[in-house]
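Hi,

Here is the structure I promised to send over.

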There are 2 protein chains.
Amino acid sequence: MSKKYVYLFGAGKAEGSADMKELLGGKGANLAEMTNLGIPVPPGFTITTEVCTYYYRNDHRYPDGLEEQVDEALARVEEIMGQKFGDPDDPLLVSVRSGARVSMPGMMDTVLNLGLNDETVQGLIRQTGNERFAYDSYRRFVQMYGDVVLGLKPEAKDERDPFEEILDRKKEEKGVELDTELTAEDLKDLVARFKALIKERLGVDFPEDPREQLWGAVGAVFRSWDNPRAIAYRELNNIPDDWGTAVNVQTMVFGNMGEDSGTGVAFTRDPATGENVFYGEFLLNAQGEDVVAGIRTPMPLNILQKQRTGRDLPSLEEVMPEIYRELVQIRDKLERHYRDMQDIEFTIQRRKLWMLQTRVGKRTGFAAIRMAVEMAEEGLITKEEALLRVEPEQLNQLLRPVFDPKALEQARMEGRVVAKGLNAGPGAATGKVVFTAPDAEEWAARGNDVILVRIETSPEDIRGMNAAQGILTARGGMTSHAALVARQMGKVCVVGCGALEIDYKARRMTIDGKHEVKEGDYISLDGTAGDVILGHVPTMPSEVLRVIQGDMRPEDSMVYRLYSRLMEWADEVRVLGIRTNADLPDQAKLAVAFGAEGIGLCRTEHMFFEEDRIDYMREMILAEDEDSRRKALDELLPMQKEDFKGLFRVMHGMPVIIRTLDPPLHEFLPHDDATVEALARKLGKDPQKVKEKRDNLHEFNPMLGFRGCRLGIIYPEITEMQAKAIFEAACEVAGEGIEVIPEVMIPLVGHVNEIRAQKAVVDRVAKEVMDRYGIQLKYMVGTMIELPRAAITADEIAQEAEFFSFGTNDLTQTVMGMSRDDAGKFLPLYIQKDILSDDPFSTLDRDGVGKVIEIGIERGRKTRPDLEVGICGEHGGDPKSIEFCHRVGMDYVSCSPYRVPIARLAAAQAALRFPRD
Amino acid sequence: MSKKYVYLFGAGKAEGSADMKELLGGKGANLAEMTNLGIPVPPGFTITTEVCTYYYRNDHRYPDGLEEQVDEALARVEEIMGQKFGDPDDPLLVSVRSGARVSMPGMMDTVLNLGLNDETVQGLIRQTGNERFAYDSYRRFVQMYGDVVLGLKPEAKDERDPFEEILDRKKEEKGVELDTELTAEDLKDLVARFKALIKERLGVDFPEDPREQLWGAVGAVFRSWDNPRAIAYRELNNIPDDWGTAVNVQTMVFGNMGEDSGTGVAFTRDPATGENVFYGEFLLNAQGEDVVAGIRTPMPLNILQKQRTGRDLPSLEEVMPEIYRELVQIRDKLERHYRDMQDIEFTIQRRKLWMLQTRVGKRTGFAAIRMAVEMAEEGLITKEEALLRVEPEQLNQLLRPVFDPKALEQARMEGRVVAKGLNAGPGAATGKVVFTAPDAEEWAARGNDVILVRIETSPEDIRGMNAAQGILTARGGMTSHAALVARQMGKVCVVGCGALEIDYKARRMTIDGKHEVKEGDYISLDGTAGDVILGHVPTMPSEVLRVIQGDMRPEDSMVYRLYSRLMEWADEVRVLGIRTNADLPDQAKLAVAFGAEGIGLCRTEHMFFEEDRIDYMREMILAEDEDSRRKALDELLPMQKEDFKGLFRVMHGMPVIIRTLDPPLHEFLPHDDATVEALARKLGKDPQKVKEKRDNLHEFNPMLGFRGCRLGIIYPEITEMQAKAIFEAACEVAGEGIEVIPEVMIPLVGHVNEIRAQKAVVDRVAKEVMDRYGIQLKYMVGTMIELPRAAITADEIAQEAEFFSFGTNDLTQTVMGMSRDDAGKFLPLYIQKDILSDDPFSTLDRDGVGKVIEIGIERGRKTRPDLEVGICGEHGGDPKSIEFCHRVGMDYVSCSPYRVPIARLAAAQAALRFPRD
C-alpha cells in the first residue's frame, strides 16, 4: 500500500487535526480540526505537503497512489454532499487552494468554481434556479483557470489582462458600466469568448473534463510554491524552500446566491483593543474576495459594534439572528478550543452557515497584552501562557508618549509626514527645531519644547539632548551616539534620516529637497515609526508613566492594571535580575519605578559634561603634570560625590555598579579652533598649546585607543579621585541609615594586570575613606568584559575581579571587527544580502560574540564559582539577547530605564522556555 | 645533622660543580668547577643561596649549623694554605663576595682583604716584606668595611664620602697629589683616622677580631641582595626576589705585590669578531678593579694582539712567557670543557697564576655567528648547538648595509649624531633630505640618494619611500605605517624621532631646536641604533647581499660562508615553511634568494598606488554606479595582471597567496581640498561632489570600518576583476611552461557567509578564465583569520576556506582592543609599569591572541584536517612568535624578505626546542 497522501474532512469527521500543520498546512489542519469539533465545514480533502516536496524532487511528477487516493476522497465528498463531480444534473463544484505551514497570504494560487463546463453549468442553473449566477460563476472560473492554470498572461509589459479587456469590450458593446449590469446571456457569450482566446493564444482547448480541470489546478497550486513572488516572500520571512505547500480541495459554497446568502470575516475578540467582544464584518450576497476588495462597504457583525462605530448599516445580528447566534456559539467553541483569539472566515449559503477558515488572529501590541491578561484572568490560559503571548517589544505601546491619534491622522492627510528615518527612540515628540545643543538648552530654559536636529550628535551634545523633547539626526544607525543616549534618556529619537540637508550656518534644513524648515519652526517626530512630521502634533504621556509618576491613580487606568498584572506574573517566574543603566538620580528613580533591582552601569563620564564641570575636566586633561591634574580633580571630587549620594539614596539597599572613567579624553575637548581659543583664555593657557594638546590627543581609531582603564593606569590619580568620591558618598549615605552597596567597575580590561593595578588603587582608597568615616561597607571591584582578550583570559582576570559585566557594545565591535559608527556603510547591505541575519548591535550575535561570552563566563566561574555576571551593553534590553543571557547563566541584565519592563517580560519568557536546572 | 650550607673548593677538589648554580650562584659554581678541573683557584668556600633565603624569611638570622660549617670550611682553607685566619705571623686574608644565579654586575657588595687588624698587618708585612703594601691593603679594608658592613655613608646629600675626605685632607697635609705618593706611615695614620671616624660617627669600634669581621661581611653581602639598586636591577631583568645570593669566601691573592704580579681579563676568542684567537688585557702590579677602572692603559695579552692593534706596550706573552703559556693551556681546557667562549679573570701573585672567575662571554652578533659556525666545524659543538647559540636577530648584523666604521666614529666625535628615534629599519643610509614623497621620487630619478623625512607616512607615500635610501619620521611607533613598509622594503628607517620639528612649507626641519636641516642637506640614519646623523656618512651593502645579488663571489666572503652554512643547518632541522610578504617581483626575487619558499601575502592594493594606476583606482572609487565602476576596473585589470605574471614567474613552482583588496577606500583618495579639486578636474567631475564623496568615506574607526572583504561583498565587481587578473596571469604564465600555484586570500572575514560569497565569485571567474585558456590549474581560496569572530567560528569558516592565514596585526588589534597607530600613548608606559611584558605588535601576545589562534587552528582543522595554516602578520618575522607558530602546529610563517633568514633560524631553533611528534 502506498503512503497516505490525502486527508479527508467532512460530515463531522476528519482524518487530520490542528497539530498536523507540517503535513496538511495551516489551512488544511484547521479545516480538519474544525470538522472534528462539529463545526460546519464544507467537506473536502487535503493533499499533503509531502506531495509538493515529491513533485519538486521528481521533475513535476506525483507519487504512486496519489491518483487513487484523490479519487477515493472525492468519492467520499460526493457521498457526503449527495452530488457528483461532473454530474450535468447536480454537479459538485470545488475550490482548489494552497495551504503552507505558515500563512503566506496572497502569494500562491487559488482556483474556484472548479467542475463547471458547458454541461454542468446547466445543473448549477437547475440547482440554484439562477442562470445569471451560474454563468457568472462559469465566466469567473474560465478566466481564473486560464490565468492560473493555463498561464494566459499579458504578452507584453504594457498589455492589459486579456480577459479583462474582453470583459471591457463586452460592456462597451452593451453600453453598460458595471459587471452586474451584464445579463446571463452576456456572461454566456463571455465564456465562449474567453475559451476562444485560450485556444487562439495557447493553441489548446479549455478542458471540459472536470477531472482534467482538477489535476490542472492541483499542479498549478504546487507550481505556485515556486513563483518569484512566493520565493521572495519566503526569503524575507526565512521560510525554508523545502517545506512545500499542501493543496486543499473543498466543496464550493456560495455567499452570492442571493439576499439569503453572504460572507464575512470576524475576530473572536477586538484585534485593535483586545476587548473581549466579537468583532467582524460581512456582506450579503457576496463572495469572500468582495469583503477584502473593499468595493462595497461591509456591514457590522452585531449591534454593539454598530453602536460603537455609529454606522447606519444593519448588522448580521439583526439581519439573520439565528445565523448570528450559531456564529457566536462557534466563536466560543473555537476560542475555548484554541485558547487564543481566532481570525475566522465564514460563508452563508442560503441561510446555511459554513466555516471556511480559522487561524490565530493578528493583533496590536495593546490588544495582545489585554487579551493575554484577560484570558489568564478568565482562566482560559495560564499565567505562563499569558506571559508568552506578548512580544516584549509590544510593551512599548503602553509606555511611550503618544500622539493624539486624530491630530496624527490629520497631519497624514495633509501630507505633512515628509520623511522617514530609523526609529531609534520610540514615542511621540513635538517641538520647535533647534540646530545646536546649547540652543536646545537655552530655548528649553525659556519654556519651549524643542526638537534638536543634528547631522550627528557627540557627547558634547548631551545636555542639549536632555533638554529636548526629541532628537533627529541625518546620520547614524540604531546604535549611534544619538540613538544610544536617547534610549537611555527615554527620548523620542529618529536617526539616520537621509532626506535632511542641514545648513548649520543658515540655521535651517531642507527635507527631501522640497520642504524648508527654519530654526523655531515646529516639527513632530514619531519615534515608533521613524516618521518626521511638519508642524505641531499634540502628544500625551502614556498612562503607565502617569501612574508611576503619581499623575494618575492606578485604579483609574486600565492600561496600568494590565501592565502591572503582567509584570507581577513576569517577576514570579523570571530568574534573571533586572538592573538599569542610569547615571543620574532621576533616571535611577524612574528605573526603580519600572522595576529595576539595581544599577548595572553608571557612566561617571556623563556627569562630567555638566556645564559647571566640563571646564574642570578640561583643565584636568590639559594639565601639564600630576600636581595640576590633581588640583583639577580636587575640584571635581565634591561634584561626583554629590551625584553618587543621589544615586545611593535612590537605590536604597540595591547594588550600584559605578564604572570609572571610560571615553578617550579628546571627547571632552572642543573640536573647533574658536572654542579651543576661548577655552584657553578661560583657563589662562596658551591657545597654541591647547590646540597642540587637542591635536596630540587625536586618534586614528579612538574605539581602540587611549581610553577605559588605560586612562586610570597612566593617570592613577583619576581613579583615586573617583574611588574617593564613591566611598565618601557611600559612607555619608550609609550614615543616613540607608543601605549602600557600591560595586566599582573597571572598564576595558584586557589583562589581569590592568584590573590588579586599578583594584589596588580602589581598595586602598576604600580603606582610607572607610577608616576615616569609621564605617565598614561591603563593596566589590569588578570589570567590564568588553575585549576578546578579557573573555579569553577570564580565568586570570577573575582572580582579581569580583564581578563581570559584559559590555557587549564594545565586545561586538572587537569580536566582529566592526565599528558601530561606521558599519552603516555595509551593515544594511549585509543584512539585505543575508550575510548576517540581524544587526549585531541590536541583537547579540550568538554564534560569534555569544561564544566569546560563554568562554568568558565559563573561565571566570572556574576561578571564582560565585562570580556575579551580568550584561550592560545595549543588548541587555533586547529580548532575543536577554534569552541568551538567561541561557548562558548570567545573574542579571542591565538596560536603560525605559526598557526595564521589556526586560522583565523577556526574562520571564526565557525562564519559561529554557528552565534552569 | 643539619643541612649542608657550605661548599668547599681548593687544592684540586671542590664539593660543588658548574651545574649547581642555583645553590652556589654562578661565581661559586664555576670556581668549584675550575677547581675540579685542576685549574689553580685560590681556595675558599661558598655559603649557599638557601642561607640567603633563610636569612630573609627568619628576621636576618642564620640557620642552625651554619656557623659550625663555616668554621670547618675555614679550617680546611687554612690547612690548604698553611696559614691561619687571624694569625699575627702569617695571616690568612679572604675576600667576601656575592654570587647570584645570574650575574648582577656591581649590584651587590664585596669586601676585600678581610682578616687584617693591627696585629695581622704585621704578619702581612712579614709575608710580603712590603710595609707600604700591607698598610695600603689595611687602609682599603677599613674603608671598605666601614662603608659596606658598618654602613658609614655620607650623612647629607651634598656631603662627600667621609673616608675620601680624610684621605684628601691627608694628601693636602703631605702636599702630594696621588695616593701612591703616600708613605706606609701616612697609610698607617689613615687607618687610625678611619677607625676614629667610625667610632665617632657610629659609636662602635672597628672590629679587630677577624671572625667578627667575617660574619659582618657575610651579613652585609646577604643584606645587599635587598638594596634598592639590586631590587631595581632584578625588576628590570625579571629576576625573582626569592632566588637570593650566595656568598663566596675566598683566599685573597694580590696582583699588586710588585712587578712580578698582575691581573687581567681575557676572552677565549675575540668577542667582537668571533675569531678563534685568545684576546685580553692585563696590568702589572695591579688589582682587578684597576683594569676595569681604566685609569692605566692595559697591556695586550699576546704578540698577535699587539701587532693587530699596533700598540706599543709589551704583551703578557713577552713579559711572562711561562705564565702566558699556562694561561693558554687553561684557556684551551676551559673552552673544551665549557664548549663555549669564556670570559675569564686572572691574577698573578708573584709569578703564580690564579684564576678568579670564568663565565660564558658576551659577544657581538657577528661574533656569535662566527663562533657558533666555527665551533661546530671544529667539532667542539654540534650543528644543533650552533643553531641555538645565535640569536636570530643577530643575523641582521650580516644583512644590513653598514656605515664605513671609521667615518661613523668621526661623525660621532664631531658631535654630528644629533637625535635618536626608534630603530624601525636596521642598517645604514645616507642621502639628501626631502620632505615629500613626490620629491623623493623626483630627486632619486635625477640620481640622488635621498632620505625621506615626514611627520608620518601614509600609503600615498609608498613610491616615495621606495625611491628613498632611508625614511625618518617624527611620529609613529615600531609598527607604524612607515616602520612596517620600511621593513618589508628592507629600507633603513628611524621613526618616532620626537626631536624633529618639521616645517613642510619652508621645506626644513630643526632638530632638538638647535640644528637646522634644509631640503637637499645630507643626513645619515643608523637604523640599527636609531641614530640621526648630520651630513654624509658613507655606507656599503652587506657582503651577504652583495653575494646574493651577484656583486661578489661567494668564495670571497667569509661573512657569506658563515651565513650560508648556518642557513643550511637551519633548513635541515626546521619544520615550519618560510614564506614572504611581497607585492612586487623584485621583492619576491630577493626573498627567494634569502630562502623563501612561497609568498604568504601579496597585498594587491600596494599595486594601486603606482602613478599610472592611482587615478583609475580613484575613478573606480568615485564611480556613481556599477557600470562606471566596472569601466575603471577594466582599465586596472591588465596592469594587475602584469604584476601577477611577474610574481608567478619569479615564484616558479612555489605557492603564491594573493589577498584581495583590503584597505578602506578613503586611503586611496587625496586628503587636502586642493588635490581633490585637481583630481576632480582631471577626472572631469564636480569638485564639490568629489569632496562630498571623500567626506562620506571618512570613518571614525577605519580599522573597524568598510574594508577587507566587506568591499568585495558590497562591490563584487572588484573581486571579480582581481580574480580575473590572477587567473589570466596564472594561465598565461603556465602557458610559458612555468608551474603556477595561486592561492586567493579573502581578508577580514568574520562570518562564513562572507567567505562563501567571495569564494563563489572567485570560483566562477576561475572557471571562466581557465575554460577560456583551456588550462586547468590547481588553486585554493582561503581567508585571513584576523578577527576574533573568525577564530571562534573557524569550524564554520573552514567549510569554505581551504587555507587560513593568521593576520596577527589586526588580530592583535581586535583581540586586545588596541589600535596600533594609537597605542603609543599608553603602550610604552604599560611595558614600563609591567602591565604587559612585551609590545604585542612586535611579539605575539601568547596568553591572549595566542589562545585565540589556538582556538582557530583547532576548530579549523576539526572541519578540515588538511587545512593549510600560516601567519602573515608582522609576527611572522619575530623569533619568539615563530616559536609559538611552530608549537601550535602551523605549516609556515610569512615575513618580509629581509627577515626570511631570521625566520629560518628561528624556525630551526623552535624545532630543536620543541620537537613535533
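Below is what I found where the two chains meet.

Keep in mind that this is a predicted model. Let's start with the contact itself: 51 residues of chain B touch 51 residues of chain A. Together the two chains bury about 4,500 Å², with 60% of that on carbon and sulfur atoms.

The salt bridges between chain B and chain A number two. One of them joins the side chains of Arg789(A) and Asp845(B), at 2.7 Å from N to O.

Which elements of chain B are involved? The biggest contributor is α36(B), with six residues. Sorted by class, that side of chain B has 24 nonpolar, 12 polar and 15 charged residues.

Then there's the symmetry. Chain B superposes on chain A by a rotation of 180 degrees with 0.0 Å of shift along the axis, at an RMSD of 0.3 Å. The two copies are therefore related as by a two-fold rotation axis. To find that axis from chain B, go to Asn701(B), whose C-alpha is the nearest to it at 2.2 Å. Also, 100% of the interface residues of chain B are interface residues in chain A too, so the copies meet through the same surface.

Cheers

How values were computed
Residues numbered from 1 in each chain as written. Chains lettered and ligands numbered in written order. Predicted model: local features only at pLDDT ≥ 70, side-chain atom pairs only at ≥ 80, totals over all residues. Heavy atoms only, no water. Contact = heavy atoms within 4.5 Å. Buried area = accessible area lost by both parts, 1.4 Å probe. Salt bridge = Lys/Arg side-chain N within 4 Å of Asp/Glu carboxyl O. Helix = DSSP H or I, 4+ residues; strand = E, 2+ residues; numbered from the N terminus. Nonpolar A, V, L, I, M, F, W, Y, C, P; charged D, E, K, R; others polar. Least-squares fit on C-alpha atoms with pLDDT ≥ 70 in both.
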